[in-house]
Amino acid sequence: MDEYYDQETLQKVQQVQAEILQDVLKLCKKYKIDTFIIFGSALGVVRHQGFIPWDDDVDIGMFREDLPRFRKAVRKELSGKYEFLTCGINHNYACTVTHFQKKGTKFISNDVKNCDYTPGINIDIFIYDHLADGFFARRYQYAMTWFLGRLLYLSGKGEPVIPYKGVKKWISKKICDLARLGLRMFHITPIRIYRMFQRISQMYRGRKTEYYAAFETPTPWLNKMRKEDIYPLKEMPFRDFTVCIPNHTHQHLTKIFGDYMELPPKEKRVNHRPWKIDFGEE
């Protein structure tokens with residue numbers, strides 16, 4: 001395919017993702033598991049009452065404590081239709097984010113077309129872990145998860161997206177190449193890095209801390225929230241159904257996007273650059 005979608009294909013992808021989201025929300029309601037729309041998807045809810053028109057993913061948040069119950073519920077009721085994709089399940093998936101994807105579909109971006117795994121049409125699940133309270137402990141947790149997340153990606157075969165031009169891009173590319181060479185020389189595999197990332201992310205699990213953060217993003221300091229920032233959840237329209245967003249979504253979106261109600265210029269309206277899409281059996 002071309003670098004970007006035709007409108008018909010994009011709308012078809014969004015429809016499948018909306019169906020996945022509806023199935024997840026129904027399951028979570030049945031099992032009393034809280035989920036909330038975050039990041040760009042929350043922006044879509046507030047500004048467009050659905051998807052950002054050019055977007056092709058769905059971001060939901062869930063607390064670490066609820067993840068085992070969610071996995072168990074999926075195995076019981078949705079395992080014939082959906083599957084998880086994590087590095088813990090497929091050791092070639094060199095990414096920190098949990099994909100919940102529709103079986104029999106393919107959604108392969110240019111960045112990962114040479115990888116040894118097959119992403120499907122999916123939604124992204126971001127796990128909110130306890131964030132350290134102390135100044136230095138918090139920055140250690142930020143720095144280590146940031147570093148391990150970048151290192152994990154370089155340990156796989158995905159092509160890093162370098163947001164620079166000219167000499168700066170060339171230098172960044174050489175640094176990535178050297179890092180990859182070092183990882184291969186010392187036989188450091190994605191699953192080894194992923195387990196380190198999980199240990200640091202969950203190092204305060206079970207403790208009472210003021211904030212929670214989703215460390216799968218490169219900037220967890222922007223998405224950190226307290227329980228009172230999340231609850232009570234607010235119900236909002238999303239297409240022809242409703243979703244929940246955090247109580248203080250305005251502050252959440254302002255920290256990440258600034259003036260989020262203003263549309264970005266066309267050159268900054270990006271998506272996941274599809275290379276191959278297969279909708280499976282329809």
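The model is predicted: local features need pLDDT of at least 70, side-chain atom pairs count only at pLDDT 80 or more, and totals for chains, interfaces and linings use all residues. Residues are numbered from 1 along each chain as its sequence is written, and side-chain values use heavy atoms, with hydrogens and water left out. The protein chain contains nine helices and 10 strands; helices (H or I, at least four residues) and strands (E, at least two) are DSSP runs, numbered from the N terminus.

**Overall shape and surface**

- The radius of gyration of the protein chain is 19 Å, which agrees with the value near 19 Å for a compact globule of 282 residues. This radius is taken over C-alpha atoms, and the globule rule is 2.2 Å times the number of residues to the power 0.38.
- The C-alpha trace spans about 50 × 50 × 40 Å along its principal axes.
- Buried residues make up 49% of the 282 in the protein chain. Buried means under 20% relative accessible area, exposed over 50%, and partly exposed in between (1.4 Å probe, protein chains only).
- The protein chain has an accessible surface of about 14,900 Å², and carbon and sulfur atoms account for 55% of this surface. Areas come from the Shrake-Rupley method with a 1.4 Å probe; for residues, only the protein chains shown count as cover.
- Of the contacts between residues at least 6 apart in sequence, 71% join residues at least 24 apart. Contact means heavy atoms within 4.5 Å.
- There are 45 positive and 34 negative side chains, and the centres of the two sets are 6 Å apart. Lys and Arg count as positive and Asp and Glu as negative, while His and the chain ends are not counted; each charge is placed at NZ of Lys, CZ of Arg, CG of Asp or CD of Glu.

**Nonpolar cores**

- The largest nonpolar core holds 42 residues, and Phe 70 and Phe 100 have the most contacts inside it. A nonpolar core is a set of buried Ala, Val, Leu, Ile, Met, Phe, Trp, Tyr and Cys residues joined through side-chain atoms within 4.5 Å.
- Elements giving two or more residues to this core include helix H1 (7-30), helix H3 (67-77) and strand E6 (122-131). H1 supplies the largest share, nine residues.
- Beyond its neighbours within four places in sequence, Phe 100 is in contact with residues including Ile 20, Val 24, Val 74, Phe 84 and Ile 123.
- Another core, of 18 residues, lies apart from the largest one; among its members are Ala 94, Ile 191, Ile 193 and Phe 197.

**Backbone details**

- The peptide bond from Tyr 231 to Pro 232 is cis, with omega near -5 degrees. Pro 232 sits in the loop between helix H8 (227-230) and strand E8 (234-238).
- Gln 49 is not a glycine, yet its phi is positive, near 55 degrees. Gln 49 belongs to the loop between H2 and E2 and is partly exposed, with a relative accessible area of 38%.
- His 187, also not a glycine, has a positive phi of about 55 degrees. His 187 lies in the loop between helix H5 (166-185) and helix H6 (190-201) and is exposed, at 66% relative accessible area.

**Phe 39**

- Phe 39 is part of helix H2 and is buried, with a relative accessible area of 9%.
- Not counting residues up to four places away in sequence, Phe 39 touches residues including Asp 59, Phe 126, Ala 214, His 252 and Phe 257.
- Phe 39 and Pro 218 are 179 residues apart along the chain, and their C-alpha atoms are separated by 13 Å.
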